[in-house]
Amino acid sequence: MGLLSPLALLWAGLLAPLVVLYILKRRRQPREIGSTLLWELALRDLRAERPWKKLIPQVALLLQALAILAGALALARPAGAGRVPAGARIAVVIDTSASMAARAAVGSDDTRFSRAIRAARDLARSLPPGGEMMIVEAAGNAAVIAAPTRDASALERALATLRVRGGGSDLEAAVSVAAERMRGSPSGSRIVLITDAAMSGELALDGRSVPVEVRKVGEPNASSDNTGIVAVDVRPRSEGNTPDRADVFVRIARFARTPADVYVTASVEGRGVVASRRVTVGPGAQESVVIPADLPPDPSGRAPIVRVELSLASAAPGEGTGDALTLDDVAVAPSPGVRRLPVFVVGDASEPVVRALRADRDVELFATTLTALAERDDDAPLDGLVVYAGPTPAEAPPGDSLVLAPTGESVFGTPLGPEVRRPQLVRWEESDPRLRFVSFADVHLAASRTVRGGLRPLISADAGAVAAVLVRPSGETTLLAFDPARSDWPTRPSFVVFFRNLVERARAHRAAGGVPPGRTGEPLRVPAPDGTSVTVTTPAGETMRVVSRGGVALVPTDAEPGVFAVRVGERQLFALRNLLDEHESDVRPRARFTVAGVGATVRVADRVETQEAWPYVAGALLLLLVLEALWATRKGAT
Amino acid sequence: MSSLLEPEFLRRLARLRVLARKRFAGSAGGARRSMRRGSSAEFADHRPYYAGDDVRRIDWNAYARLEELVLRLYVAEEDLTLYLLVDTSRSLAFGTPTKLEVAKRIAAALGYLGLTGSERVAVVPFSSALGRGFAPARGSRRVGALLRYLDGLEANGETDLTRAVDQFLARAPRPGLVAVISDLLDPGGFERPLDRLASERHEPVIFQVLDREEIDPTPGGDLVLVDSERGTKVEVSLDARAIAAYRARALAFLAGVQAYAKKRGFGYVLAGGEVPFEDALISYLRAA
């Protein structure tokens with residue numbers, strides 16, 4: 001039950017002066033006089049002159065106060081969802097596409113999604129005895145989040161898990177799923193699809209024998225006007241020798257009948273605004289903006305992330321467009337530097353190794369030493385591949401690393417065996433991505449040490465493992481216990497392919513931050529060892545912690561564009577989330593609903609249908625007035 | 001002399017007497033005309049002779065002309081009985097001076113005139129019932145007793161003029177001049193008892209005693225006015241509006257009493273208004 005006009009409840013404030021009139025008593029000095037006869041007559045004259053008379057506590061007042069309350073409540077238009085026939089089953093299909101994050105009406109803080117949830121909640125509350133309700137989420141894939149149940153708390157819990165997703169929604173599939181689960185339901189059952197209908201074309205809903213009722217949330221008027229970013233890309237500039245120069249390409253679309261002036265502002269996280277452009281976007285048109293920017297990596301080698309934001313020309317930057325949908329007012333994109341992988345070579349790497357690394361045009365080699373690394377002031381871990389040639393530090397660095405021909409007794413805690421001369425390679429893990437298209441069939445090593453401990457062997461010789469993989473929460477270390485220069489491997493194509501695989505893997509980890517790409521509103525799938533606590537900071541600054549299960553931490557997020565900072569142990573990852581979907585940015589209700597299948601029916605309501613209860617309250621008001629009149633006439637109210 | 005009668009006031013009263021507009025039947029020969037036929041020298045009428053009549057009153061001249069025996073009737077001169085009905089209810093204890101004080105002075109003045117004018121004077125105090133009165137007396141020698149009696153009256157009880165008059169008439173007094181000295185602030189009203197007095201051949205004269213504050217109250221504050229007799233409370237803010245309403249009601253009340261007296265032919269004197277009660281009383285006595 002909700003109130004369609006909650007402000008009307010202010011009328012109940014009339015009770016306050018009413019009560020005050022009753023309880024307020026003026027202090028008066030008593031004075032004895034000869035006779036009050038003339039004063040009584042005079043005051044009677046005064047009362048006759050006044051438009052009001054002295055209030056005296058009486059039953060009539062109580063009835064009138066109740067009448068005021070009932071009247072105020074009636075004017076507030078209390079309303080609840082339509083009732084469900086007794087014993088019937090109802091399937092509520094809720095659209096969770098990105099457009100549902102649009103505001104429901106001009107001047108309202110409600111979103112279409114919140115109204116949809118409210119409508120579903122009202123339906124749950126109006127379930128009659130014996131009635132059951134199920135909830136189906138209509139996102140990219142339909143999902144039953146609550147099986148048919150009469151447990152209100154279970155339904156409430158299921159509704160609490162729903163979030164607006166970043167993509168579209170397959171309403172037809174969701175209705176079909178609901179219809180399938182509603183097969184054999186008693187008479188009076190129905191499927192209620194709650195959607196904003198912000199999708200193009202015709203939707204054929206097949207409820208089979210169950211009638212489908214479409215309830216629209218959102219208004220098809222100016223509240224649906226929207227301007228949004230539908231594409232963003234950051235590319236290196238073709239001219240010039242500076243690799244850090246880039247162009248930020250932004251495409252903006254206007255979904256309205258009127259043009260809009262907006263500012264497109266590009267900024268870099270942690271550095272501030274890079275550039276801003278004013279653009280006029282015509283009704284139904286798209287405009288492209290190119291913003292040149294210098295995007296050098298930070299001292300850790302991390303490529304910057306560009307944030308593009310729309311704001312009204314009449315408002316200050318950062319205040320947004322104030323239009324229907326805010327999800328598409330912000331977009332983030334990695335700079336082209338993400339593609340360039342810094343490779344830090346620690347020690348004296350052999351010439352074949354350096355040459356193999358340089359074979360990748362997007363690799364930037366930095367030569368350094370263990371001493372220099374230890375003296376770094378910056379706490380941020382190196383954002384790239386670290387190649388140790390010979391000595392290694394005591395602890396593995398965060399991120400990916402490669403160890404070649406280690407000289408110590410152990411590598412990152414893993415003991416090494418003595419050098420073995422002319423080991424015969426007998427096995428290698430062809431399924432490992434590092435060894436993709438790599439063969440050691442005709443490779444001969446002059447010498448190698450063996451890897452002991454519990455590491456996963458990568459290449460095994462007759463004397464033991466000569467290469468292994470050390471997987472840590474903060475990164476991976478590939479250990480080659482031999483010097484490639486002391487083998488004929490560099491003369492084989494597989495040598496360059498191996499290093500290319502290694503670099504690509506490090507690049508993939510770095511570019512995606514280790515978190516697979518996804519849409520806004522979808523959970524972040526953060527790879528992490530079981531039991532690891534994963535901390536995520538949302539673009540809005542909220543922090544949440546999730547413990548990894550089965551090697552992945554599933555972090556639920558709201559539909560929010562921007563950079564999600566993920567920390568897994570010492571490893572810092574970044575997940576970028578954007579809407580960038582012109583179909584979802586067009587939040588104007590425009591879908592047409594038709595019937596699919598034999599015997600199916602579809603009824604469309606332009607807005608969420610509510611059953612207003614104010615007539616009942618108004619009836620109570622009339623009854624109170626009648627009672628008051630009866631009391632006044634029969635009992636002689638004064 | 002009592003303080004109820006100041007010497008200056010007495011000098012002014014000396015040339016006056018209590019006059020009644022009616023003629024009353026007295027119990028003895030008095031100084032004023034009686035409604036009864038008597039033995040004075042003033043001829044009144046003839047009537048047929050009946051056996052047993054005093055033959056000395058037969059008008060022989062008329063017999064000579066009419067050949068019928070008729071008697072000559074003369075106007076009897078009898079004394080006047082003045083009843084002073086003095087309101088001694090608690091409401092009379094208020095005012096500056098108290099209304100009871102003024103009522104006593106009026107009663108003293110009237111009693112003085114009556115006793116010195118060979119009238120019979122009786123004082124009947126009343127509140128909700130009649131009190132112990134001053135028995136009818138005649139002669140100037142009783143003036144002192146009268147004043148002492150009046151001096152001892154105290155305010156007490158509620159006003160019930162109707163009941164008081166009923167009790168007064170139940171004693172079947174000889175018709176006379178009844179001076180009702182009261183504020184007339186009686187919830188039961190004053191018209192009916194005064195009408196009853198008139199119907200019993202008395203001549204009521206109204207001496208209404210009010211304090212100036214009761215006619216024109218002074219503004220000031222939020223008060224609970226407590227009725228001295230009934231204890232009823234009236235919450236009132238003494239602002240200009242309330243006072244104007246009260247004044248209008250008070251003046252209407254006074255005008256109502258005056259109009260009633262005029263309509264019935266009763267004498268009416270207001271004591272306590274703009275004019276001092278002595279002046280008002282003397283003006284009445286002169287005009288009567």
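Two strands count as a pair if DSSP finds at least two bridges between them. With that in hand, let's look at some close-ups of this predicted model.

**View 1. Strand 8 of chain A runs parallel to a partner.** Strand 8 (residues 202–205) of chain A pairs with strand 35 (residues 592–595) of chain A in the parallel sense, over four bridges. Look for A204(A), which stands opposite T594(A) in strand 35.

**View 2. Four strands of chain A form an open sheet.** Follow the order 31-30-33-34, with antiparallel pairing. Strand 31 (543–547) and strand 34 (571–577) stand at the edges with a single partner strand each, so one side of each has no neighbour in the sheet. From one strand to the next, the twist averages 25°. Zooming in, strand 30 (residues 533–537) and strand 31 of chain A are joined in the antiparallel sense by five bridges. Here S533(A) has V547(A) of strand 31 as its bridge partner.

**View 3. The largest nonpolar core has 46 residues.** Among the members that touch the most others are L5(B), I106(B), L150(B) and F207(B). Helix 3 (residues 99–116) of chain B gives the most to this core, with eleven residues. Leaving aside residues up to four places away in sequence, L150(B) touches L4(B), K104(B), A107(B), A108(B) and V123(B).

**View 4. A second, separate core has 44 residues.** Its members include I33(A), A122(B), V257(B) and F266(B). In soluble globular proteins, nonpolar side chains tend to be buried together.

Methods:
Residues numbered from 1 in each chain as written. Chains lettered and ligands numbered in written order. Predicted model: local features only at pLDDT ≥ 70, side-chain atom pairs only at ≥ 80, totals over all residues. Heavy atoms only, no water. Helix = DSSP H or I, 4+ residues; strand = E, 2+ residues; numbered from the N terminus. Axes fitted to C-alpha atoms, helices over the stretch in contact; angles between N-to-C directions. Core = buried A, V, L, I, M, F, W, Y, C linked by side-chain atoms within 4.5 Å. Buried < 20%, exposed > 50% of the residue type's maximum accessible area, 1.4 Å probe, protein only. Contact = heavy atoms within 4.5 Å.
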